[in-house]
Amino acid sequence: MNKSPIEQRPSLTSMPIWKALEVHYEKVQPIHLRQLFADDPKRGEKYTAEAAGLYLDYSKNRITDETIPLLIQLAEACGLRQRIHAMFSGEKINTTEQRAVLHTALRAPKGKKILVDGADVVPEVHAVLEQMEAFAHKVRRGEWRGYTGKPIRNIVNIGIGGSDLGPVMAYEALRFYSQRNMTFRFISNVDGTDFAEATRDLNPEETLFIICSKTFTTLETLANAGYARTWCLNALGDAKAVRNHFVAISTNAKEVAKFGIDTENMFGFWDWVGGRYSMDSAIGLSTMIAIGPKGFRDLLKGFYAMDEHFRTAPFEKNLPVLMGLLTVWYTNFFAADTTAVLPYDQYLKRFPAYLQQLTMESNGKHVTLDGVNVDYQTSPIYWGEPGTNGQHSFYQLIHQGTKLVPCDFIGFYKTLNSVGSQHAMLMANFFAQTEALAFGKTEEEVKADGTAAWLAPHRVFEGNRPTNTILAEKLTPKVLGSLIALYEHSVYTQGVIWNIDSFDQWGVELGKVLAKRMIPELENTNEPVLKHDSSTNTLIRKYRKSNL
């Protein structure tokens, strides 16, 4: 194929609606949120939307009544509605790899029909789900036995990228619902420390490894899987034990069997499932074992509820669309480089890390779908930590630093663990932070509190720092599914506006290719001929001198 299959679109920055937004920005930029709220006492009720168990308050954003309609016009000019339809109908919107993008099919209910190359994929999805459920029940009930006859008590998930970040995030988020007589560990880093610490206190006789690699060729995953096999067989002494202690999430039956895993215990998925969108596929087997098949089905229901909302809701009330358009607003007009995600729930401690891959691997692109260099910023950097820990760390920069950092605050009306009055304390901080970021504290107010004139400038809070507030009743599997799908579809909305492929990830390839070539140079006992730059050559020689 000599050219992109995507029809060329006019340059984003040349569109009349983009020019209109630039003019609008000049009007909005000087206005403080204090003024916007003073001018409209109903603002906090008006700028809200609700769906799939989530309530979004976006009133503390630097927008006026004109902003969202203009951003929606931009979405319409960029064909967002048509692109949403293309994704849900199985068109090959991952253009550089010529693949459909159908993570939404993973949570489609039975009876729904979704075609890829003329074949309905929903029955296949449910067949794998049923296979997962049967296996999870066996493990959870103690019916699946290790080689020596002991029941499995330890589950170790080995993967990397989406094969790790999704499962570990989901386990931590839903730990409250997990089977507590089992231990769950996750290994991703090829650094041997990750394996050593994850398995140090585990009994090989009671340990099951889940190897997650679609092709069963991922270098880091196979290195860890190979050592897991050695670790297991050193204790059990018979290669036949692999069948009792290893299962695979893969599509490569030949390599799975070669490793020693019974292909009856191989759980498949499809090339239309991207790694960072795969946690609700067979990649979620560890999640299903932890929270049970019913909990996993509830997770899928949450995903599906948000999918349907994104697919059908008008843009002005569409949570993922609103959040995606606001990200474009700050990234491209306010020149905000980062977005902070601040969950006020300890169970969501890994959620920001999960979103880093989802957002930055999806939209960290420098060319459009038709291969033209962009002349605008694409993905912001996503980062964050749970509240209230972050308040004693980086909130200083958010409140009083020189960088504009839009923030997403995520909270729950009810806690899963009632400990005294601590949830009220947590949520008081949650609400107070968005108020403080929006309205700040003027020098006059600081002085009125009795602060000396020389100290007053140091205690001024400028405010006018934008936030989204996302609230739900409590953290359940269903709510987690809705929350993840909210960000998945927000990312796609941004990608459509920026006219980029949100579903490939060529940027991760070059470093891996070079690393593979370097391994023999580091391990070869004979001095290899090095053909790198002078810096890399010197560093390799220093490493070899220290290790050989």
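What percentage of the 548 residues in the protein chain is made up of buried residues? Buried residues account for 54% of the chain, where buried denotes under 20% relative accessible area, exposed over 50%, and partly exposed the range in between (1.4 Å probe, protein chains only). The model is a predicted one, in which local features require pLDDT of at least 70 and side-chain atom pairs count only at pLDDT 80 or more, while totals for chains, interfaces and linings use all residues. Residues are numbered from 1 along each chain as its sequence is written, and side-chain values use heavy atoms, with hydrogens and water left out.

The secondary structure of the protein chain comprises 20 helices and 13 strands, taken as DSSP runs numbered from the N terminus (helices: H or I, at least four residues; strands: E, at least two). The radius of gyration is 25 Å, close to the 24 Å that the globule rule gives for 548 residues, so the chain is as compact as a globular protein of that length; the radius is taken over C-alpha atoms, and the rule is 2.2 Å times the number of residues to the power 0.38. Along the principal axes, the C-alpha atoms fill a box of roughly 75 × 65 × 60 Å. Among contacts (heavy atoms within 4.5 Å) between residues at least 6 apart in sequence, 74% join residues at least 24 apart. The chain exposes about 24,300 Å², of which carbon and sulfur atoms supply 51%; these areas come from the Shrake-Rupley method with a 1.4 Å probe, and for residues only the protein chains shown count as cover.

Grid points are joined across faces, edges and corners, and a volume is the space filled by probe spheres set on the points. The largest pocket has a volume of about 1,200 Å³. It is lined by 42 residues, with Thr218, Gln505, Val508, Glu509 and Lys512 closest to its centre. Helices H7 (162–173), H9 (219–236), H14 (351–363) and H19 (509–523) each give two or more residues to this lining, and H19 contributes the largest share, five residues. By class, the lining of the largest pocket has 16 nonpolar, 15 polar and 11 charged residues, where Ala, Val, Leu, Ile, Met, Phe, Trp, Tyr, Cys and Pro count as nonpolar, Asp, Glu, Lys and Arg as charged, and the others, Gly among them, as polar.

The second largest pocket has a volume of about 430 Å³. Of its 17 lining residues, Asp345, Gln346, Thr415, His423 and Leu426 are the closest to its centre. Helix H16 (residues 422–439) gives the most to this lining, with five residues, and the lining as a whole divides into seven nonpolar, nine polar and one charged.

Two cavities of 30 Å³ or more are present. The largest cavity holds about 150 Å³ of space and is lined by 20 residues, among which Thr327, Thr339, Pro406, Asp408 and Asn468 lie nearest its centre. Helix H13 (319–332), strands E10 (338–343), E12 (407–412) and E13 (467–472), and helix H18 (477–498) each supply at least two lining residues. The largest share, five residues, comes from H13. The second largest cavity, with about 40 Å³ of space, has a lining of seven nonpolar, one polar and one charged residues, including Trp270 and Asp280.

Helix H5 (residues 80–88) has Leu80, Arg83, Ile84, Ala86, Met87 and Phe88 as its buried residues, which pack against helix H4 (67–77), helix H12 (285–312), H13 and H18. H5 is followed by Gly90, with a positive phi near 85°.

Helix H14 contains Gln356, which is partly exposed at a relative accessible area of 31%. Gln356 and Trp383 are 27 residues apart in sequence and 6.7 Å apart in space, C-alpha to C-alpha. Excluding residues up to four places away in sequence, Gln356 touches Glu361, Tyr382 and Trp383.

Some backbone features lie in loops. A cis peptide bond, with omega of about 10°, joins Gly387 and Thr388; Thr388 lies between strand E11 (381–383) and helix H15 (395–400). Asp117, although not a glycine, has a positive phi of about 55° and counts as exposed at 65% relative accessibility. Phe216 likewise has a positive phi, near 55°, but is buried, with a relative accessible area of 3%; Phe216 is placed in the loop between strand E7 (207–212) and H9.

Key:
On a 1 Å grid over the protein atoms alone, a cavity is a set of points where a 1.4 Å probe fits but cannot get out, and a pocket is an open set with protein on both sides within 12 Å along at least five of seven lines; lining residues have an atom within 4 Å of a point.
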